[in-house]
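Please keep the sequence and the structure in view while reading.

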Amino acid sequence: MKFWNGIDHAFTLRLKHLRTRFFALSLGVCLLLVALSVALGSLETPAQSLSEKILEMERGIEREYEDYFGRDIASAEQPPEAIAKILARLGEQTGTTPAVLWAIPRTDYLHLVLITPDAEPIVRDLFDVPEELIESTARIFRQNVTRLRPPLQLEAARKLYEWIVAPFEAEYLQPAGVDTLLFCLGSGLRTTPMVALHDGEQFLIEKYSLTRIPAFNLIDTDYKPLRLDRILAMGASEFQTLEPLPAVPVELSAIAAESQSRTGESGEFFLNREFTTQNLKDNLAEQSFDIVHWATHAAFNSGSPKNSYIQFWDAQITLHEIRNIPWNNSPPELLVLSACQTALGDPEAELGFAGLALQAGVKSAVASLWNVSDLGTLALMAEFYRQLAIAPTKAEALRQAQIHLLRGDVRFEGDRLLLGDRAVPLPENLKNLTPSRLDHPFYWAGFSLISSPW
């Protein structure tokens with residue numbers, strides 16, 4: 001009996017041991033499965049969180065414009081996946097390859113995000129480029145391109161190119177054939193003349209069409225070709241308290257001639273005493289225009305939108321009031337301001353400039369970052385309208401105009417402005433004022449397309 005009891009006791013101990021080992025093994029398997037599940041889940045989480053982070057970044061930018069303009073703006077709801085599909089669609093419609101590039105300075109680093117057509121977003125965080133460094137470099141860069149004193153300094157232009165564009169160019173932009181860049185720039189960069197960034201060989205405008213957007217979710221992503229016959233052009237060469245703009249009559253005449261030669265119609269044109277807010281309202285009540293052109297002084301100043309204005313003959317329209325212009329239920333495809341002055345580097349003035357099209361309720365806008373010379377403005381605007389008739393997008397039209405000034409194809413000779421195969425005669429009061437060359441960035445880099453490039 002003792003023998004059997006001993007066997008039974010040994011068997012019980014063995015069984016307990018096996019149960020313990022089985023439990024430990026089961027626990028190990030469970031822990032392994034949990035770990036595997038977590039690991040597999042972690043593979044999905046970054047993509048999901050990245051999409052949400054980019055959307056939240058867009059929402060944060062939207063809130064900046066809402067706070068500045070003091071009104072609600074359409075919600076940012078399109079995630080990166082939708083943005084990539086929109087880029088692909090618009091690329092097919094226009095025969096271009098667009099990409100969006102966010103460059104947002106943070107306290108300790110520069111945050112970069114790139115989205116190309118039908119592709120996943122790419123993020124680069126440059127921790128060797130803190131906010132203070134990029135803002136000081138951008139300030140030096142703006143000083144270099146707005147001064148005509150030779151020689152032209154390009155060190156800051158190259159640094160900005162290295163920080164903002166180079167991290168994506170060889171690996172993503174060039175393989176994808178990107179030819180159009182939509183820059184969404186953060187505070188401190190919004191009034192940077194991106195067209196004049198330099199890679200050591202070329203300016204950025206020689207490689208890409210460019211536009212600056214307030215946020216991708218805040219731009220119009222429909223596409224339709226411009227009609228040059230549907231243009232309302234207004235301007236003034238004389239002012240009671242501001243400097244005269246003697247080239248404005250020639251500017252308006254050149255635009256009218258281009259429209260007439262392309263379409264047989266010259267559109268509607270108003271100069272000096274006819275450049276009134278009432279004439280604007282009357283014409284908008286009668287018809288819709290694809291292009292509204294104002295050749296006049298405009299200023300984007302520090303402080304609220306009420307401090308920034310566009311000068312008419314009889315009044316100033318503030319940036320706060322411009323949203324109330326009655327566009328006859330069909331806002332223009334393009335609003336052009338050809339003589340602007342912006343408080344470069346000022347955060348509030350930056351929001352006003354970059355948010356111009358958004359606040360005016362138009363699809364796209366062209367404005368100058370600094371007060372370009374009157375004749376330099378005439379040269380670029382005359383060529384811009386020539387290019388609008390043949391380029392696939394507004395961004396490409398502005399790019400070609402800027403390149404033609406840079407390379408000397410548009411220039412003054414004696415009493416004429418030469419535009420390709422056409423010459424614009426100059427009146428007597430302008431003949432002795434023409435600059436000898438227009439290739440310096442001062443003359444072409446100040447003009448910027450805002451919002452939709454299409």
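In this predicted model, the second largest cavity holds about 40 Å³ of space, while the largest cavity holds about 110 Å³. The count of cavities of 30 Å³ or more comes to 2.

- The residues that line the second largest cavity are Tyr65, Phe183, Leu185, Arg190, Arg212, Ile213 and Ala354.
- Sorted by class, this lining of the second largest cavity consists of 5 nonpolar and 2 charged residues, with no polar residue among them.

**The largest cavity**

- The lining of the largest cavity is made up of 16 residues, and those that lie nearest its centre are Val195, Leu210, Arg212, Ser448 and Leu449.
- Two or more residues of this lining come from each of the elements β5 (209-212), α11 (394-406) and β16 (447-451), and it is α11 that gives the most, with 4 residues.
- The classes in the lining of the largest cavity are 11 nonpolar, 3 polar and 2 charged residues.

**The chain as a whole**

- The chain is built with 12 helices and 16 strands, and of its 454 residues, 53% count as buried.
- When contacts between residues at least 6 apart in sequence are considered, 74% of them join residues that are at least 24 apart.

**The largest nonpolar core**

- The largest nonpolar core has 146 residues, of which Trp102, Ile164, Trp294 and Phe384 touch the most other members.
- Helix α10 (residues 374-388) supplies the largest share of this core, namely 9 residues.
- If its neighbours within four places in sequence are left aside, Phe384 is in contact with Leu334, Val336, Val366, Lys394, Ala397, Leu398 and Ala401.

**The cysteines**

- How many disulfides does the structure hold? The number of disulfides is 0.
- Is Cys184 buried or exposed? Cys184 has a relative accessible area of 0%, and because buried means under 20% relative accessible area, Cys184 counts as buried.
- Cys340 has a relative accessible area of 1%, which is under the 20% cut-off, and therefore Cys340 is buried as well.

Definitions and conventions:
Residues numbered from 1 in each chain as written. Predicted model: local features only at pLDDT ≥ 70, side-chain atom pairs only at ≥ 80, totals over all residues. Heavy atoms only, no water. Disulfide = S-S within 2.5 Å. Buried < 20%, exposed > 50% of the residue type's maximum accessible area, 1.4 Å probe, protein only. 1 Å grid on protein atoms, 1.4 Å probe; cavity = no way out; pocket = protein on both sides within 12 Å on 5 of 7 lines; lining within 4 Å. Points joined across faces, edges and corners; volume = space filled by probe spheres on them. Nonpolar A, V, L, I, M, F, W, Y, C, P; charged D, E, K, R; others polar. Core = buried A, V, L, I, M, F, W, Y, C linked by side-chain atoms within 4.5 Å. Contact = heavy atoms within 4.5 Å.
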